[in-house]
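Q: Let's go through this one together, a piece at a time.

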Amino acid sequence: MTGTEQGIPDTKEAAAVVERRLHPVTPLRRAWAPVAVLVGWALHDPDQAQRQLTRLTTTTLVIGLAVLIPAAALYGFLSWWFTHYAVTGTELRIRTGLLFRRTAHIRLERIQAVDVTQPLLARVAGVAKLRLDVVGTDKKDELAFLGAAHARALRAELLARAAGFAPETAAEVGEAPSRQLLRVPPGVLAVSLLLTGATWGTLLAAVVVPALLWPATHSLWTVLATAVPLLGWAGASSVGRFVGEYDWTLAESPDGLRIDHGLLDRTHETVPPGRVQTVRIVEPVLWRRQGWVRVELDVAGSSNSVLLPVAPREIAESVVARVLPGVTVPPLASLAPAPRRAGRRVPLWWRGYGLAVTDEVFAARHGLLRRVLALVPHAKVQSVRLTQGPWQRALRLAHVRVDTGAGRTVTARQRDAEEAADLLRTQAERSRTGRRDAGPDRWMTQGRPD
């Protein structure tokens, strides 16, 4: 269980466990904590901070820095010195704390994903951060920082242990081989962001809203206070996504689909097989002429949410078939539309609703300008609900909602009431059958020992 606060048990196994420290550059990262506290205080009450600074003499300021810098360095060193980690036969242990000891016991079989991230300065220093997604926890446990080569080796060992390899052989297995499936060219990524409606919508708002405010207020500061954040938001959403999704590479390996991306901060993620609860194929209106789509997903116990930032639909559907083995994306023509009377409740937008239920998945579509097709394998459906408001009852309409293990809900909107009631019964049976026939959610199924 993650986060158990207790000492390491005094057993023969514990005595044989070799504890290790993080990379020696880690104190430099942790030394910033006391400085961050002062900065946070100054930002919280800038007037008070300014008054205090004006009272300081040069001598007092020098003395303060002479105390603060060594104190920050000592804090960073002690936090590093008293942090250890070890891999046992069944768990990863992370022990921290100088006065109050805390030992996190992370069961290896509950690890969902192991990601290696390298912020820009970490890449310069040759170190990396190991982040772990664990079943039953919202936040990621992490080891920051490790040597880049050691981080990859430890990641491979943890994945091998999670796959069922014996402890004595897991360290020798190494990283599973991979085969590249797709690399998104930077030019395609840039064009796709330019064709995203949200970017142009924010830019339009940055022009129109200040233009309307000026006649009403005649205040330059009011106009600037409105326009600058909107322009910054538009730039950050497009430029930030480009920097984060730059050089997006997708590869296939026995431990899942591997994702590498990032211009400044490099991230190496793994989409574990069997843990994907929902796949969404997103198609913005300005992408349709190019035949592009975006693929998002929900993974139980993981925060990974993007599989492909942009790709041709044919390639995206082939990748979905690898994420959800045995699943074929239903053709758009096979999606049954909502009844025409749904237009009396949702004018125009009802035309974007669609539903298809195959032997493998529950597929629901919504959206007219930004179409989203959500696919849920029957084995991943945790519950099925029928909801119906007063207006829907008058129009003989209903929603059918399926809940997944990732805490998300996929909704078939505005279905005929009789169709919805029948779907409620049949989907419950499909889910029971799917869970019964589903294979084990284990990694490295191709590389496990017999």
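Q: Which residue in β15 stands opposite P337?
A: P337 stands opposite G354 of β15. Before going further, please keep in mind that this is a predicted model, in which local features need pLDDT of at least 70 and side-chain atom pairs count only at pLDDT 80 or more, while totals for chains, interfaces and linings use all residues. Residues are numbered from 1 along each chain as its sequence is written, and side-chain values use heavy atoms, with hydrogens and water left out.

Q: OK, and how many bridges join β14 to β15?
A: Strand β14 (residues 336–337) and strand β15 (residues 354–357) are joined by 2 bridges and run antiparallel; two strands count as paired if DSSP finds at least two bridges between them.

Q: Which strand do 4 bridges join to β15?
A: That is β16 (residues 361–366), which runs antiparallel to β15. Within this pairing, V357 has F362 of β16 as its bridge partner, and the hairpin from β15 to β16 passes through 3 residues.

Q: Zooming out, how many helices and strands are there in the protein chain?
A: The protein chain has 14 helices and 20 strands, where helices (H or I, at least four residues) and strands (E, at least two) are DSSP runs numbered from the N terminus. Of its 450 residues, 42% are buried, meaning under 20% relative accessible area, with exposed being over 50% and partly exposed in between, for a 1.4 Å probe and protein chains only. Taking contacts between residues at least 6 apart in sequence, 55% join residues at least 24 apart; contact means heavy atoms within 4.5 Å.

Q: How many residues of β11 are buried?
A: Strand β11 (residues 276–284) is mostly covered, with 9 of its 9 residues buried. Antiparallel to β11 runs β12 (residues 292–299), joined to β11 by 6 bridges, and in that pairing V279 stands opposite L297. Strand β17 (residues 370–377) is likewise joined to β11 by 6 bridges in the antiparallel sense, and there E283 stands opposite R371.

Q: Switching to the 7 strands that form an open sheet, what is their order?
A: The order is β6-β5-β4-β10-β9-β8-β7, and the pairing is antiparallel. Strands β6 (141–147) and β7 (179–183) are at the edges, where each pairs on one side only. On average, neighbouring strands in this sheet are turned by 20° against each other, direction ignored.

Q: Where in β8 is the bridge partner of L182?
A: The bridge partner of L182 is L250 in β8. Strand β8 (residues 249–253) runs antiparallel to β7, and the two are joined by 4 bridges.

Q: And the 3 strands in the other open sheet, which stand at the edges?
A: That sheet has the order β1-β2-β3 with antiparallel pairing. Strands β1 (84–87) and β3 (102–107) stand at the edges and have a single partner strand each, so one side of each is left without a neighbour in the sheet. The twist from one strand to the next averages 15°. Between β2 (residues 91–96) and β3 there are 6 bridges in the antiparallel sense, and T96 stands opposite R102 in β3.

Q: Which helix packs on the sheet, touching β1 and β2?
A: Helix α7 (residues 148–163) does, and its direction makes about 40° with that of β1. Axes here are lines fitted to C-alpha atoms, for helices over the stretch in contact, and angles run from 0 to 180 degrees between N-to-C directions.

Q: Next, at what angle do α9 and α11 pack?
A: Helix α9 (residues 186–194) and helix α11 (residues 220–245) pack at about 155°, with axes 10 Å apart. That makes α9 roughly antiparallel to α11, since angles over 145 degrees count as roughly antiparallel, under 35 as roughly parallel, 65 to 115 as roughly perpendicular and the rest as oblique.

Q: Which residues make the contact?
A: On α9 they are P186, L189, A190 and L193, and on α11 they are S238, R241, F242 and E245. By class, the contact of α9 with α11 has 5 nonpolar, 1 polar and 2 charged residues.

Q: Last one: is S431 buried or exposed?
A: S431 is buried, with a relative accessible area of 3%. This residue is found in helix α14 (residues 417–437), and, leaving aside neighbours within four places in sequence, S431 is in contact with H378, A379 and V381.

Technical notes:
Ala, Val, Leu, Ile, Met, Phe, Trp, Tyr, Cys and Pro count as nonpolar, Asp, Glu, Lys and Arg as charged, and the others, Gly among them, as polar.
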